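Student: I am new to this structure and would like a close look at a single part of it. Could you walk me through the sheet and what packs against it?

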Amino acid sequence: MVSLNQEPVVKTEMNIRRPVEEVFAAFVDPEITTKFWFTKSSGKLEFGKHIRWEWEMYGASANVYVKQIEENKSILIEWEEPYGYSTVHWTFTPRTAQETIVEITNSGFKGDGDDIVGQAIDSMGGFTIVLCGLKAYLEHGIVLNLIADKAPDAHIKQ
């Protein structure tokens with residue numbers, strides 16, 4: 001039997017060769033975010049707002065609560081997971097006027113040990129894919145369809 005001595009915290013990061021204002025806007029404005037992550041949103045991320053994100057091809061959605069937002073610096077949300085809410089924190093650090101490090105941290109997974117580890121592994125993979133899609137879109141204008149193509153057999157019939 002394996003036990004956890006501490007809860008896993010997922011951290012992934014990527015250098016995006018675009019100004020911090022543009023990279024930050026990509027996560028706040030669903031008109032941009034839908035090019036590389038979810039397919040539908042009930043609105044922009046703003047402090048204190050409750051937002052709903054949808055991945056229509058999978059029939060999946062998440063309720064999001066914006067706990068904190070500091071323009072061009074950070075976003076802190078709680079979002080709905082299968083076993084409750086977890087916390088996601090984005091930080092945006094300019095390297096140069098044309099480069100931004102985006103760091104995403106996800107923590108607070110719920111459930112038993114197996115559930116928590118599974119959620120952390122899924123989160124690491126998911127947020128890595130999101131950052132790769134963001135990079136392709138902002139740096140090269142390419143929509144890679146990474147989220148939709150990750151599990152095409154899981155798409156729902158519409």
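**The sheet and its helices**

Tutor: Happy to! Keep in mind that this is a predicted model. Ser123 belongs to helix α3, which covers residues 113-140. Its relative accessible area is 8%, and because buried means under 20%, Ser123 counts as buried.

Now for the sheet. It is open and has seven strands, in the order β1-β7-β6-β5-β4-β3-β2, with antiparallel pairing. At the edges are β1 (10-16) and β2 (40-41), each of which pairs on one side only.

Strand β5 (residues 74-81) runs antiparallel to strand β6 (residues 84-96), and eight bridges join them. Two residues lie between β5 and β6 in the hairpin they form. Along this pairing, Ile77 has Val88 in β6 as its bridge partner, while Glu78 stands opposite Thr87 in β6.

On we go to β7. β6 pairs with β7 over nine bridges, again in the antiparallel sense, and a hairpin links β6 to β7 through two residues. Here Thr91 is found opposite Glu103 in β7.

Finally, the helices. Helix α1 (residues 20-28) lies across β1, β4 (60-70), β5, β6 and β7 (99-107), and runs at about 160 degrees to β6. Helix α3 packs on the sheet too, touching β1, β5, β6 and β7, and its direction makes about 10 degrees with that of β1.

Notes:
Residues numbered from 1 in each chain as written. Predicted model: local features only at pLDDT ≥ 70, side-chain atom pairs only at ≥ 80, totals over all residues. Heavy atoms only, no water. Helix = DSSP H or I, 4+ residues; strand = E, 2+ residues; numbered from the N terminus. Buried < 20%, exposed > 50% of the residue type's maximum accessible area, 1.4 Å probe, protein only. Pairing = 2+ DSSP bridges. Contact = heavy atoms within 4.5 Å. Axes fitted to C-alpha atoms, helices over the stretch in contact; angles between N-to-C directions.
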